[in-house]
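Biologist: Please show me the model, and then let us go through what some of the terms mean in it.

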Amino acid sequence: MLGRGLRKEFPNPERIGCPGAEVLKKIASRKMPLSEAEAWLDHLGSCSPCYNDFSQFREASQRDRSRTLLAVAASILLVATVAGWALLRNRSDNLPTQTALLDLRNRSVARGSDANPDEPPLQLTRTAKNLKILLPLGSSEGPYEVRIVTLSGEELAASSGTAKFNDHVTSLEVVLPRDSLRSGKYLLQLRRPLVSWESYSVILR
């Protein structure tokens, strides 16, 4: 009510004794020391035009201050987000590469697109990109092809590597990313070049 009264009750059409717009802006934005502003406070309380100008400058100053605070908050949030992303990526890059071990030494060789139904499925995680496969007994060294297919035979991931014989075991190491595959039941297939596939049931989780 006091503000509404100050806006109308003290007309000063000739602007007698008014301090000017720059002074009012400094008072409204708190850029003028109080010791200097005190000289104009009585005039603001007795001059409606100056009080109206002062009110407009104060509202504009508050809007600018709010925009500045929002911009600073947004900048802090952006910096924190980028820093967090960089930290997570750095930690991810520094994690040792996981290797999944698949032991086929005591499993029967099932040639073709069907796995042996009497044997339990192999267990494989989607995050371990490296595979170390212990091949069935009697397997030879040399190049091998490895892939994961759906139960209907659709190829989803494929790789190749060279099997080596060491300590009476023929093992094959390949890089076979599976992080894009859904969890479920698939077939792991491997073969020597130009030889039919050997199929093993595998559960991806």
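Biologist: How many aromatic pairs does the count come to by the rule?

Modeller: The count comes to 1 aromatic pair. This is a predicted model, where local features need pLDDT of at least 70, side-chain atom pairs count only at pLDDT 80 or more, and totals for chains, interfaces and linings use all residues. Residues are numbered from 1 along each chain as its sequence is written, and side-chain values use heavy atoms, with hydrogens and water left out.

Biologist: Why are Tyr51 and Phe54 called a tilted aromatic pair?

Modeller: Rings of Phe, Tyr and Trp (its six-membered ring) pair if their centres lie within 6.5 Å; planes under 30 degrees apart count as stacked, over 60 as edge-to-face and the rest as tilted. Tyr51 and Phe54 are 6.3 Å apart centre to centre, with 40° between the planes, so the pair is tilted.

Biologist: Why does Tyr51 count as buried?

Modeller: Buried means under 20% relative accessible area, exposed over 50%, partly exposed in between (1.4 Å probe, protein chains only). Tyr51 has 13% relative accessibility, so Tyr51 counts as buried. Phe54 is also buried, because its relative accessible area is 13%.

Biologist: What makes strands β7 and β8 a pair?

Modeller: Two strands (DSSP runs of E, at least two residues, numbered from the N terminus) pair if DSSP finds at least two bridges between them. β7 (residues 184–191) and β8 have 7 bridges in the antiparallel sense, so they pair. Gly184 stands opposite Leu204 in β8.

Methods. Helix = DSSP H or I, 4+ residues; strand = E, 2+ residues; numbered from the N terminus.
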